[in-house]
Amino acid sequence: MSKVLITGVSSGIGHALAEHYLASGATVYGLSRRQPQELLAHPRFRFCPVDLAVPLTAQATLRRFLLETQGLTALDHVFLNAGRFSQQIASLSDVPLADIQQLMDINVWANKTVLDVLLHGGVAIRNCVFSASIAGVRARAGNSGYALSKATLNMLAKLYALEHPQVFFAAIGLCSVDTPLSQQVLALPLAGDFPAIAALRQRSDEPGYLASPQQRARQLDQLLQGRLQQQLASGDFVEIRSLLQ
């Protein structure tokens, strides 16, 4: 029986991944601030409420839950999926530094918190997938702190891959997915003239452009069961659509 850890399990892709792996017979360890009520009664779902943006508290909570209570020694897959978008789509010079720091806390440093608890706790990890974004590679005016956080996340994945060669790391851009977060992003006002983002919003209205979270969850599992390790060097970034072509 496989064991899977997922952050951001209360909604979106994290929730869909939990449903998918529970249906496949895995034991799922879910982390998020909000409780995923539909999953709590499942006999193979282990949930820990935790705010990963508060590192010291989160570290203690995760050690107690994962290492002491659950006695984890090995994980087949770790999906570091929790994340946020900017509070506004605006020029970088108009975005308060505090807003960018908040994005870095959850989009980057929360992943380090989880990984360090696992690695220092002696938990053997086979695969670790970071929920990345093309925003960290392709600059679009208006993406400000979100783009900076995702670019830093890509380097985080590379460094962990170099320093922990026993684990396969992948920073996968999940592209356009119909989640509560993406709907929130699409509804944000544009505080300026940002044609690339405006064009992206137009494409999002096209039928079939946005994948469902369930579709992405199935695709991620298929990639990890297939030849992903042969297609991608550990720690590299890739858009999922390029792997599915």
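The largest cavity is lined by Ile13, Leu17, Phe79, Leu80, Asn81, Val129, Ser131, Leu174 and Leu220. On a 1 Å grid over the protein atoms alone, a cavity is a set of points where a 1.4 Å probe fits but cannot get out, and lining residues have an atom within 4 Å of a point. The model is predicted: local features need pLDDT of at least 70, side-chain atom pairs count only at pLDDT 80 or more, and totals for chains, interfaces and linings use all residues. Residues are numbered from 1 along each chain as its sequence is written, and side-chain values use heavy atoms, with hydrogens and water left out.

The volume of the largest cavity is about 40 Å³, where a volume is the space filled by probe spheres set on the grid points, joined across faces, edges and corners. The whole structure holds 1 cavity of 30 Å³ or more. Helix H1 (12–23), strand E4 (74–80) and strand E6 (124–132) each supply at least two lining residues. Helices (H or I, at least four residues) and strands (E, at least two) are DSSP runs, numbered from the N terminus.

Asp221 belongs to helix H7 (residues 213–225). Asp221 is buried but has no salt bridge. Buried means under 20% relative accessible area (1.4 Å probe, protein chains only); a salt bridge places a side-chain nitrogen of Lys or Arg within 4 Å of a carboxyl oxygen of Asp or Glu. Arg126, the nearest side chain of opposite charge, is 7.8 Å away; Lys and Arg count as positive, Asp and Glu as negative, while His and the chain ends are not counted. Leaving aside neighbours within four places in sequence, Asp221 is in contact (heavy atoms within 4.5 Å) with His20 and Tyr21.

Note on methods
Buried means under 20% relative accessible area, exposed over 50%, partly exposed in between (1.4 Å probe, protein chains only). On a 1 Å grid over the protein atoms alone, a cavity is a set of points where a 1.4 Å probe fits but cannot get out, and a pocket is an open set with protein on both sides within 12 Å along at least five of seven lines; lining residues have an atom within 4 Å of a point.
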